[in-house]
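Hi everyone, thanks for making time. Let me put a structure on the screen, and we can walk through it together.

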Amino acid sequence: QGNVTVDHAGAKIHANSLEVSFEPEGKRSLKKITASGDVEVIRGKETATGDLAEYEPATGTIVLSNNAR
């Protein structure tokens, strides 16, 4: 917790808190990243902000919610 950043697949997510989930043992691949508190998502030249972001690497989607701009 605190000022945290994740950089994955061309996107950067800055937030107050990050929770990282992995697939079950044996696969060791990233399942989901949940960012909360003053979230900023940067992909290329685009920037979006909100209070909560959920990133799913399997689909490459980032869902930004709670005061998303």
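Predicted model: local features only at pLDDT ≥ 70, side-chain atom pairs only at ≥ 80, totals over all residues.

What lines the largest cavity? You'll find V6, H8, A11, I13, I33, Y55 and I62 around it. Two elements, β1 (4-8) and β2, each give two or more residues to that lining. By type, the lining residues are six nonpolar, one polar and no charged.

Now on to the core. The largest nonpolar core has nine residues: V6, I13, A15, I33, A35, V39, V41, A53 and Y55. Strands β2 (11-15), β4 (30-43) and β5 (46-56) each supply two or more of these residues. Which element gives the most to this core? That would be β4, with four residues. As background, nonpolar side chains in soluble globular proteins tend to be buried together.

Let me zoom in on one core member, A15. Setting aside neighbours within four places in sequence, A15 touches G2, N3 and V4, and also A35, S36, G37, D38 and V39.

Last stop, the charged side chains. How many salt bridges does the structure hold? The count is one, and the partners are K32 and E54, with their closest N and O atoms 3.3 Å apart. Because K32 sits in strand β4 and E54 in strand β5, the pair ties together parts that are 22 residues apart in sequence.

Definitions and conventions
Residues numbered from 1 in each chain as written. Heavy atoms only, no water. Core = buried A, V, L, I, M, F, W, Y, C linked by side-chain atoms within 4.5 Å. Buried < 20%, exposed > 50% of the residue type's maximum accessible area, 1.4 Å probe, protein only. Contact = heavy atoms within 4.5 Å. Salt bridge = Lys/Arg side-chain N within 4 Å of Asp/Glu carboxyl O. 1 Å grid on protein atoms, 1.4 Å probe; cavity = no way out; pocket = protein on both sides within 12 Å on 5 of 7 lines; lining within 4 Å. Nonpolar A, V, L, I, M, F, W, Y, C, P; charged D, E, K, R; others polar.
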